[in-house]
Amino acid sequence: MSELACETDWRQRILIGGFAPATLHDWPGRQTATIFLRGCPWRCAYCHNPQLQRRGREPGLCWADIEARLNDPRSALEGVVFSGGEACVDRHLPDAIAAVAAMGFRVGLHTNGAYPDRLAAILPLLDWVGFDLKTDYDHYDTLTGVPGSGARASESARLVVASGVEHEFRLTWHHSIMTEEAALLAGHFAHHLGARRFVLQQFRPEGLRPDAQPGVSDVPMHLIAALAALFEDFALRRELCGLAEPLACVPERIPNENTDRSAITSAPADDQSRPFDQH
Ligand code: SF4
């Protein structure tokens with residue numbers, strides 16, 4: 001097969017589930033586009049992108065559409081983030097990363113760490129990783145519904161820190177899915193790995209199935225303070241990142257970046273209806 005034929009092949013085979021042409025949330029501090037790939041091997045009950053859990057080709061964007069959007073000369077994008085589902089599930093992710101980098105963009109990845117071997121192979125190609133830590137080791141498999149997920153996530157987390165790639169670990173807390181003790185254990189795990197930045201995400205209901213809505217759950221102040229004490233760079237995040245709209249191509253959204261990297265104060269009372277996310 002010729003080189004051109006190979007290139008055409010992956011562009012036709014990659015399974016794209018959505019595209020956000022401009023956002024400030026998915027790689028905090030940068031204006032990026034986000035490409036959502038289909039498929040995830042885990043089944044978290046509170047998944048914000050359940051429509052992306054399963055693989056399968058559906059009508060929507062193809063790679064050529066995305067390249068055209070990224071090449072728009074009016075674009076002020078600084079980078080491109082690959083998200084999901086779990087983007088590493090798609091074996092064409094390395095080709096897509098290389099293509100985006102060749103266009104001159106910095107490349108970020110949201111990952112849950114389900115594929116440590118694949119992650120190890122692409123880490124040298126990445127400029128930033130947003131690692132979605134789900135819970136502490138002992139509760140991982142229950143939360144994801146998949147045996148062995150905790151071991152895979154642990155290995156991937158170790159790889160991310162060891163790689164030296166810029167990263168943030170983020171943990172989404174809601175009292176119905178995780179105890180405070182589990183959240184603290186997860187934070188200590190990231191701390192002992194040497195994670196530089198940790199974000200505690202306030203649970204938000206967007207994207208959840210109606211039967212999976214857990215209701216409001218404010219993050220306790222003492223949990224925020226205990227986790228903040230572990231990291232030089234800690235943030236409480238209230239906005240939602242990595243949300244793929246049901247449509248394949250979502251409209252531009254360049255909202256205020258209100259990630260508060262310094263404040264470890266409690267959420268304001270009027271924010272209590274806006275609980276948090278994972279990727
Ligand atoms: S929350 Fe993330 S890891 Fe869990 S099922 Fe959804 S996409 Fe997969």
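Trainee: How many helices and strands does the protein chain have?
Mentor: Eight helices and eight strands. Helices (H or I, at least four residues) and strands (E, at least two) are DSSP runs, numbered from the N terminus. This is a predicted model: local features need pLDDT of at least 70, side-chain atom pairs count only at pLDDT 80 or more, and totals for chains, interfaces and linings use all residues. Residues are numbered from 1 along each chain as its sequence is written.

Trainee: What share of the residues is buried?
Mentor: Buried residues make up 44% of the 279 in the protein chain. Buried means 20 or more other C-beta atoms within 10 Å of the residue's own; exposed means 12 or fewer, and partly exposed is in between, with C-beta atoms placed from the backbone.

Trainee: And the contacts, how many come from residues 24 or more positions apart?
Mentor: 77% of the contacts in the protein chain with a separation of 6 or more. Two residues are in contact if their C-beta atoms, placed from the backbone, lie within 7 Å.

Trainee: OK, strand 3. Why is it called largely enclosed?
Mentor: Five of its five residues are buried, so strand 3 is largely enclosed by the rest of the structure.

Trainee: Which residues point which way?
Mentor: Gly79, Val81 and Ser83 point one way from strand 3. Val80 and Phe82 point the other way. In a regular strand the side chains alternate between the two faces of the sheet.

Trainee: What does strand 3 pair with?
Mentor: Strand 2 (32–37) is joined to strand 3 by five bridges, and the two run parallel. Strand 3 also runs parallel to strand 4, with four bridges. Two strands pair if DSSP finds at least two bridges between them.

Trainee: Where does Phe82 sit in that?
Mentor: Ile35 stands opposite Phe82. Phe82 also stands opposite Leu109 in strand 4.

Trainee: How does the chain get from strand 3 to strand 4?
Mentor: Through helix 3, in a right-handed β-α-β crossover. Right-handed means that, with the strands pointing away from the viewer, the path from the first strand over the helix to the second runs clockwise. Strand 2, helix 2 (residues 63–70) and strand 3 also make a right-handed β-α-β unit.

Trainee: Now helix 3. Which of its residues are buried?
Mentor: Leu93, Ala96, Ile97, Ala99 and Val100, in a helix that covers residues 93–102. Seen down the helix axis, they fall within an arc of 165°, so they line one face of helix 3. The arc is that of the directions from the helix axis to the C-beta atoms.

Trainee: What covers them?
Mentor: The cover includes strand 2, strand 3, strand 4 (106–111) and helix 4 (116–122).

Trainee: What comes just after helix 3?
Mentor: Gly104, which takes a positive phi of about 100°.

Trainee: Moving on. Which faces of strand 5 are covered?
Mentor: Both. Trp128, Gly130 and Asp132 are buried on one side, and Val129, Phe131 and Leu133 on the other.

Trainee: Who are the neighbours of strand 5?
Mentor: Strand 4 pairs with strand 5 in the parallel sense over four bridges. Thr111 stands opposite Phe131 there. Strand 4, helix 4 and strand 5 make a right-handed β-α-β unit. Strand 6 (residues 166–173) pairs with strand 5 in the parallel sense over six bridges. Trp128 stands opposite Glu166 in strand 6.

Trainee: And strand 8, how many of its residues are buried?
Mentor: Four of its five, so strand 8 (residues 233–237) is mostly covered. Strand 7 (residues 197–202) runs parallel to strand 8, joined by five bridges. Val199 has Ala235 as its bridge partner.

Trainee: Last topic, the ligand. How many residues surround it?
Mentor: 13, and the closest are Cys40, Trp42, Cys44, Cys47 and Asn112. A residue is near a molecule or strand if its C-beta atom, placed from the backbone, lies within 6 Å of it.

Trainee: How does that shell divide?
Mentor: Four nonpolar, seven polar and two charged. Ala, Val, Leu, Ile, Met, Phe, Trp, Tyr, Cys and Pro count as nonpolar, Asp, Glu, Lys and Arg as charged, and the others, Gly among them, as polar.
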